[in-house]
Amino acid sequence: MSSTPLADLSAAGVSIWLDDLSRQRIESGNLRSLIEQKHVVGVTSNPSIFQSALSHADHYAEQLDDLARRGASVDDAVREITTDDVRRASDVFRGVWTETGGKDGRVSLEVDPRNAHETDATVDEAVDLWKTVDRPNLMIKIPATPEGIPAITRTLAEGISVNVTLIFSVDRYRAVMDAFLAGMEQAKANGHDLSSMASVASFFVSRVDSEVDKRLEDIGTDAALALRGTAAIANARLAYQAYLDFFGTERWATLQGAGAQAQRPLWASTGVKNKAYPDTLYVTELVAPNTVNTMPEATLDAFADHGELHGDAVSGTADAAAEVFAALSEVGIDVDDVYQVLEDEGVQKFDDAWKGLLETISEQLTRRSPEQS
């Protein structure tokens, strides 16, 4: 096969996942073609993605009619529709899962964002979703809120693969990795096959630049303005160094000897929001071995068309990245406040999207209800 930007990216150790899922993609064969033609080896979903998919109800009409006839509640309807999509997508990726020994071919499904600050409810739903979808290549997405951290450990302890989402700071990322190790240790003690489990830690990228750039522009000095577009990549590069440090310990080596796969860093929110920046910025500048880049389709297409690789862009960059944060602090950026604002906004955005999804389904069920006939 001839070299292409996406093929080269894959060869560099970056697993390409699509940050989108819909029934239309599944039924049209689009998802299959992305595997075959664009090196896509996984899919992530979230409440916003499902809200968008369900706003185009044609591909869900038959199921919605059936749900309405059965008098299904809105919550039950949402659960049935989303788990059906994820189950079918998991089947599409089953071959990739087999070929990669379970490393890729993964499809992610998020817990109800209304439980983002409820540990017990998150774990209960994670277990329920895992049983409902009933596919070995499923990953349950759990937000990295303070209440989500213990839920990560407890879910992994049940033998369930986990995609940790909404990570913004390196400190929180370290807590996520520690929760992963504790969960895998408990899974081992509980008799689960560690080799069948996988986990990724979704470190959000572009949103960091959006928030920091806004604050730099408010400060308005030459020194501040010169730092625009530097925070997100530096943040991710520091995260990668934390990953290397964490998975170089004896504690990890013990789990690895028992068959465990390392929890890979996943670069999320990689669509460029500032049109002044190259549209492939958060792909080209974050190439590193054993990482995942989950892209919206526009970013995937942009990289396929004109993406450039300059080798490993991350390893060995931690010192330079730390200098960026020293400079940000010097001009007056409170990075801890940035991270907290982004986490709060991230949870709220998914919560709003979930509520919008419930409203969309409610309207569809009401319209199709036998009482309306």
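Phe-180 and Phe-247 are both buried (under 20% relative accessible area with a 1.4 Å probe, protein chains only). In this predicted model, local features require pLDDT of at least 70 and side-chain atom pairs pLDDT 80 or more, whereas totals for chains, interfaces and linings use all residues. Residues are numbered from 1 along each chain as its sequence is written, and side-chain values rest on heavy atoms, without hydrogens and water.

The structure contains 9 aromatic pairs, defined by ring centres of Phe, Tyr or Trp (its six-membered ring) within 6.5 Å; planes under 30 degrees apart count as stacked, over 60 as edge-to-face and the rest as tilted. The rings of Tyr-173 and Phe-203 pair edge-to-face, because their planes stand at 65 degrees, with centres 5.8 Å apart. This pair joins helix α10 (residues 170-189) to strand β6 (residues 199-204), 30 residues apart; helices (H or I, at least four residues) and strands (E, at least two) are DSSP runs, numbered from the N terminus. Tyr-173 and Phe-203 are both buried. For Phe-180 and Phe-247, the centres are 5.9 Å apart and the planes at 55 degrees, so the pair is tilted. Phe-180 lies in helix α10 and Phe-247 in the loop between α13 (231-246) and α14 (250-257), so parts 67 residues apart in sequence are tied together. Ring pairs also connect Phe-180 and Phe-247 with Tyr-240, Tyr-243, Phe-246 and Trp-252 in a cluster.

Key. Buried means under 20% relative accessible area, exposed over 50%, partly exposed in between (1.4 Å probe, protein chains only).
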